[in-house]
Structures are given as C-alpha cells and as structure tokens.
Amino acid sequence: HRMILNETSYFGAGCRESIAIEQTQGFKKAFFVTDKDLIRFKVADKVIEVFAKKQYPYEVYSDVKANPTIANVQNGVKAYQASGADFIVALGG
C-alpha cells in the first residue's frame, strides 16, 4: 500500500468546516486518528460531527498513546488499511 501525506494543516476559526472540503477532492472515507481523552472530553466530536452532518463516511481510531510505540503505530496502520478509508484526519497535538 502506498500512502501520500497531505501537506495541508487546518487551524483557527472555521477550520472544522474546511476539513470537510477534502471530501470534494475525490476522497471517499475519512479515518480519524485521535486519543481516548479527546473522545472522552468530546473535543474530537466537534470535528467528527462536521462529517456526520454531511453524511460523509468515516471511522474513528482512538487507540493512540501519548508516546506511541512501534507496535502502536503498526496497529494504527493495520486499522487504517482494514477500514477502507482513503484519507486520514489527525486530531490532537
């Protein structure tokens, strides 16, 4: 599998709506990568809900550690490949 990383970062006022524009670039399904705390405190929801409201397909992967091990990264890659997603939205720092 080949992966191309987008060089675009979205931040600031209104950036949540801008992320969904990627969907119009020919992508079919988003793969959100975040951590359990951003899910628990509903921070990730603010971005994910933009996709949900527009009925864009997505999957959420939140098994990310603060200092990820090689195994943690490999598990994330496997989850991405299994999801059928074709682009990644990273949420967090």
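**View A. Strand S3 has a covered face and an uncovered one.** In this predicted model, Phe87 and Val89 make up the covered face of S3, while Ile88 and Ala90 sit on the uncovered one. S3 pairs with S1 in the parallel sense, over four bridges. If you want a landmark for that pairing, look for Ala30, which stands opposite Phe87 in S3.

**View B. Three strands make an open sheet in the order S2-S1-S3.** The pairing here is parallel. S2 (58–61) and S3 (87–90) are the edge strands, each pairing on one side only. Going from one strand to the next, the twist averages 25°. Helix H4 (residues 70–83) packs on the sheet and touches S1, S2 and S3. Its direction makes about 165° with that of S2.

**View C. S1 and S2 run parallel and are joined by four bridges.** S1 covers residues 30–33. Which residue in S2 is the bridge partner of Val33? Tyr61 is the one to look for. As for what holds such neighbours together, strands of a sheet pair through backbone hydrogen bonds, either parallel or antiparallel.

**View D. Helix H3 has buried residues along one face.** H3 spans residues 45–53, and Val47, Ile48, Val50 and Phe51 in it are buried. Look down the axis of H3 and these buried residues fall within an arc of 145°, so they line one face of the helix. The spacing makes sense in general terms: an α-helix has 3.6 residues a turn, so residues three or four places apart point the same way. After H3 comes Gln55, and its phi is positive, near 60°.

**View E. The largest nonpolar core has 11 residues.** Its members include Ala30, Phe32, Leu38, Ala44 and Leu91. S1, H3 and S3 are the elements that give two or more residues to this core. H3 provides the largest share, with four residues. Phe87 and Val89, from the covered face of S3, also belong to the core. Apart from this core lies another, of five residues, among them Tyr61, Ala79, Tyr80 and Ala85. As a general rule, nonpolar side chains in soluble globular proteins tend to be buried together.

**View F. Pro57 lies in the loop between H3 and S2.** Is Pro57 buried or partly exposed? Pro57 counts as partly exposed because its relative accessible area is 40%, and the cut-off for buried is under 20%. Pro57 and Phe31 are 26 residues apart in sequence, yet their C-alpha atoms are 8.9 Å apart in space.

**View G. The whole chain, for orientation, has four helices and three strands.** Follow the sequence and you get the pattern α-β-α-α-β-α-β. Of the 93 residues in the chain, 28% count as buried. The accessible surface comes to about 6700 Å², and carbon and sulfur atoms account for 54% of it. Take the contacts between residues at least 6 apart in sequence: 74% of them join residues at least 24 apart.

Definitions and conventions. Residues numbered from 1 in each chain as written. Predicted model: local features only at pLDDT ≥ 70, side-chain atom pairs only at ≥ 80, totals over all residues. Heavy atoms only, no water. Buried < 20%, exposed > 50% of the residue type's maximum accessible area, 1.4 Å probe, protein only. Arc of directions from axis to C-beta. Pairing = 2+ DSSP bridges. Axes fitted to C-alpha atoms, helices over the stretch in contact; angles between N-to-C directions. Contact = heavy atoms within 4.5 Å. Core = buried A, V, L, I, M, F, W, Y, C linked by side-chain atoms within 4.5 Å. Areas by Shrake-Rupley, 256 points an atom, 1.4 Å probe, with all protein chains shown as cover.
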